[in-house]
Amino acid sequence: MSLKELENNIEHWENCISQATSFKELDNLKADIFGKSGILSAAFKEITNIATEEKKAFGEKLNYIKQQLDNAILNQKNKLKDYLIAEKLKNEAEDINLPIPENAFGGLHLITQSIRRIKAHYSARGFLILDGPEIETEFFNFDALNMPKYHPARQSHDTFYLEGVQGHLLRTHTSNVQIRSMMLDRGKSIRMLSIGKTYRNDSLDATHSPMFHQMEGLVVDQKPINIGHLSSELKKLMAFFFEVENVEIRLRPSFFPFTEPSMEVDCKCIIKDGKLIISEHGNKWIELGGAGMVHPNVFKACKIEQPAYGFAFGVGLDRLVMLKNGIQDIRNLFDTDTRWLKYYAC
Ligand code: FA5
């Protein structure tokens with residue numbers, strides 16, 4: 001095709017391009033225009049037959065046409081892309097007018113049920129139910145809890161730090177709420193309970209999850225409080241949670257920078273038919289969390305007037321829920337297997 005013919009036919013080619021309804025059609029047109037034996041190559045060959053002084057103008061004209069057709073192809077390609085996306089969205093859209101099948105209503109997750117039950121119980125016993133931020137500063141998560149920078153205990157919490165926001169992290173425990181409640185209620189007695197999500201860079205296995213739930217209790221007073229009070233409170237917690245008359249607990253010496261003395265809390269249990277049951281008549285011990293008397297440095301960081309007395313405890317809620325319901329794998333709690341979810345939902 002000569003340049004003249006090409007100029008006369010440009011509208012025809014532009015129409016063909018704008019009417020292409022698939023990428024395949026567009027590719028074929030591209031080959032017809034720009035391919036080795038396409039119309040542009042044929043026109044370019046003409047250059048050998050024209051006078052030298054006309055070559056420049058000839059080349060410019062041809063390049064202009066080439067650019068025009070190139071743009072037309074690009075435009076159509078974008079239009080087709082948008083069209084295909086719109087079609088896909090239209091086909092995948094949920095019809096919200098469809099009637100809901102019977103029994104298809106949602107229910108509360110086992111963890112939500114437990115959180116609500118625990119909060120109601122502690123609220124009725126006069127505890128203040130508090131929430132704390134999941135995105136926290138190093139001050140509330142570590143510093144004020146007697147874990148200054150470079151304290152080795154920080155390494156035991158594999159922390160997710162926020163990129164680009166200096167000194168911010170996903171809280172590694174609910175003990176941040178201890179600090180927040182003491183700073184808010186300075187000089188007053190505190191009975192506080194907090195439950196929420198916590199995060200650690202732990203790999204996922206049957207008993208660990210990078211996101212898990214903790215429950216934190218804190219009691220502070222100007223009147224002396226001792227380990228006897230703590231032990232009694234922990235017994236009440238376990239008896240209530242596992243719905244048993246009596247529980248036997250064991251406090252094992254341990255270390256947390258924010259409590260002194262610190263201890264691990266074990267509960268007596270029995271294994272029956274492969275299922276763990278909390279029982280004072282058991283012959284085994286199961287570890288449920290940490291506890292201790294509030295460290296004087298924590299009172300100091302919260303500017304609480306001394307002498308002050310207090311105890312705190314922190315337990316992993318997911319593990320309590322697993323024990324109570326005979327769930328062997330923490331991953332079940334966070335999977336989206338609807339059969340499993342329906343079984344436990346209420
Ligand atoms: C603490 O986090 C302390 N803040 C608890 C505390 C509070 C001590 C108040 C003293 C006073 P620890 O790191 O041991 O302690 O975690 C407490 C519980 O959280 C554990 O016993 C366990 O049940 C649960 N836990 C910890 N990491 C995970 C995880 N990756 N997945 C599931 N549960 C976890």
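This is a predicted model: local features need pLDDT of at least 70, side-chain atom pairs count only at pLDDT 80 or more; totals for chains, interfaces and linings use all residues.
Q: Buried means under 20% relative accessible area, exposed means over 50%, and partly exposed lies in between (1.4 Å probe, protein chains only). Why is Lys-119 called partly exposed?
A: Lys-119 has a relative accessible area of 25%. Residues are numbered from 1 along each chain as its sequence is written, and side-chain values use heavy atoms, with hydrogens and water left out.

Q: What makes the pair Asp-131 and Lys-119 a salt bridge?
A: The rule asks for a side-chain nitrogen of Lys or Arg within 4 Å of a carboxyl oxygen of Asp or Glu. The closest N and O atoms of Asp-131 and Lys-119 are 4.0 Å apart, so the pair meets the rule. Asp-131 is in the loop between S1 and strand S2 (135-137), and Lys-119 is in helix H5, 12 residues apart. Helices (H or I, at least four residues) and strands (E, at least two) are DSSP runs, numbered from the N terminus. Asp-131 is called exposed because its relative accessible area is 61%.

Q: How many salt bridges does the rule give?
A: The count comes to 15. One of them joins the side chains of Glu-243 and Arg-117, with 4.0 Å from N to O. These two residues are 126 residues apart, Glu-243 in the loop between H9 and strand S6 (249-256) and Arg-117 in helix H5 (residues 110-124). Glu-243 counts as exposed at 56%, whereas Arg-117 counts as partly exposed at 27%.

Q: What makes S4 and strand S5 a pair?
A: Two strands pair if DSSP finds at least two bridges between them. S4 has 10 bridges to S5 (residues 211-221), and these strands run antiparallel, so they pair. Gly-196 stands opposite Gln-214 in S5. Strand S1 (residues 128-129) is joined to S4 by two bridges, and those strands run parallel. There Ile-129 stands opposite Leu-193 in S4.

Q: Which residues touch the most other members of the largest nonpolar core?
A: They are Ile-118, Met-238 and Phe-313, in a core of 42 residues. Helix H9 (residues 227-242) gives the most to this core, with eight residues. A second, separate core has 22 residues, including Met-147 and Phe-258. Such a core is a set of buried Ala, Val, Leu, Ile, Met, Phe, Trp, Tyr and Cys residues joined through side-chain atoms within 4.5 Å.

Q: Is Thr-336 buried or exposed?
A: Thr-336 is exposed, because its relative accessible area is 69%, a value over 50%. Thr-336 is found in the loop between helix H12 (331-334) and helix H13 (338-344).
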